[in-house]
Amino acid sequence: MKILILNPDRCIGCGTCEMVCSLTNEGIFNPTLSRINVFRYSDRGINFPITCLHCDDPLCSKICPVDAISKDEHGAVIVDQSRCVGCKACMMICPFGAIIFDIYRGEVIKCNLCSGEPKCAQTCVWDAIEWIEPTLEVARKRREVIEKILHYSST
């Protein structure tokens, strides 16, 4: 099963991933409705694409009081909107800030891996987002990226 890999060292901050995500999921170009967000640290010259990493044992699923969060057949951690009560506990516990609140519909939204074919990875010409088979090297790289994300989000 493939996994999503974020490569901030390759991200130029163009926002293509945000636009293609909102277009795919919402039918409009609106980065505030994107399931991926690029955090731009212009003072450091660093861009971080941030989205759900579809954890093996997701905290968001554990904390959901109505069991609205589960994994699908593609390994995506998804939200069942018919069960979600909008308490936002999942948003608060996600260490990556990968779950957002859609103020227009009053729902939490997050990456669903585009049914196993993430458009953000398909359209990123810089390979800052990759959809690849996991290997030990990929796992090591993913861990390094997660550590960078957590470091920059706390500073």
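This is a short tour of the structure above, one selection at a time.

Before you click, know that this is a predicted model, where local features need pLDDT of at least 70, side-chain atom pairs count only at pLDDT 80 or more, and totals for chains, interfaces and linings use all residues. Residues are numbered from 1 along each chain as its sequence is written, and side-chain values use heavy atoms, with hydrogens and water left out.

**Stop 1: the largest pocket**

Select I3, L53, H54, D56 and R142. Of the 17 residues that line the largest pocket, these five lie nearest its centre. Two elements, β1 and α5, each give two or more residues to that lining. Helices (H or I, at least four residues) and strands (E, at least two) are DSSP runs, numbered from the N terminus.

How much space lies in the largest pocket? About 290 Å³. Here is how pockets and cavities are found: on a 1 Å grid over the protein atoms alone, a cavity is a set of points where a 1.4 Å probe fits but cannot get out, while a pocket is an open set with protein on both sides within 12 Å along at least five of seven lines. Lining residues have an atom within 4 Å of a point. Grid points are joined across faces, edges and corners, and a volume is the space filled by probe spheres set on the points.

Now colour the pocket lining by class: you get 10 nonpolar, three polar and four charged residues. Ala, Val, Leu, Ile, Met, Phe, Trp, Tyr, Cys and Pro count as nonpolar, Asp, Glu, Lys and Arg as charged, and the others, Gly among them, as polar.

**Stop 2: the largest cavity**

Next, go for C52, C55, P58, C60 and C94. They lie nearest the centre of the largest cavity, which has 13 lining residues. It holds about 120 Å³ of space, and the structure has five cavities of 30 Å³ or more. Which classes make up the lining of the largest cavity? There are 12 nonpolar residues, one polar and no charged ones.

**Stop 3: salt bridges**

Side chains of opposite charge can pair when their charged atoms come close. A salt bridge here is a side-chain nitrogen of Lys or Arg within 4 Å of a carboxyl oxygen of Asp or Glu, and the count comes to 12.

Start with R10 and E130, whose closest N and O atoms are 3.6 Å apart. This pair links distant parts of the chain: R10 sits in the loop between β1 and α1, E130 in strand β8 (residues 129-132), 120 residues apart. Is E130 buried or exposed? Buried means under 20% relative accessible area, exposed over 50%, and partly exposed in between (1.4 Å probe, protein chains only). E130 has 17% relative accessibility, so it counts as buried, whereas R10, at 36%, is partly exposed.

Then select E144 and R140, which meet in a salt bridge at 2.2 Å, N to O. Both lie in helix α5 (residues 136-154), four residues apart, about one turn of the helix. Both partners are partly exposed: E144 at 39% and R140 at 40%.

Finally, show E26, R35, D102, R105 and E107 together, a network linked by salt bridges. Within it, the side chains of R35 and E26 meet at 2.8 Å, N to O. R35 is buried because its relative accessibility is 10%.

**Stop 4: a nonpolar patch**

Switch to a surface view and pick I12, V125 and W126. They make a nonpolar surface patch of about 340 Å². Patches are made of residues with over 30% relative accessible area and no salt bridge, with like charges joined within 9 Å and nonpolar side chains (Val, Leu, Ile, Met, Phe, Trp, Tyr) within 5 Å. Accessible areas come from the Shrake-Rupley method with a 1.4 Å probe; for residues, only the protein chains shown count as cover. I12 is in the loop between β1 (3-6) and α1 (16-26), and it is partly exposed at 48%.

**Stop 5**

Click K88 in the loop between β5 (77-79) and α3 (89-93). Its phi is near 70°, a positive value in a residue other than glycine. Then try S115, in the loop between β7 (107-109) and α4. Although S115 is not a glycine, its phi is positive too, about 55°. K88 is partly exposed at 32%, while S115 counts as exposed at 54%.
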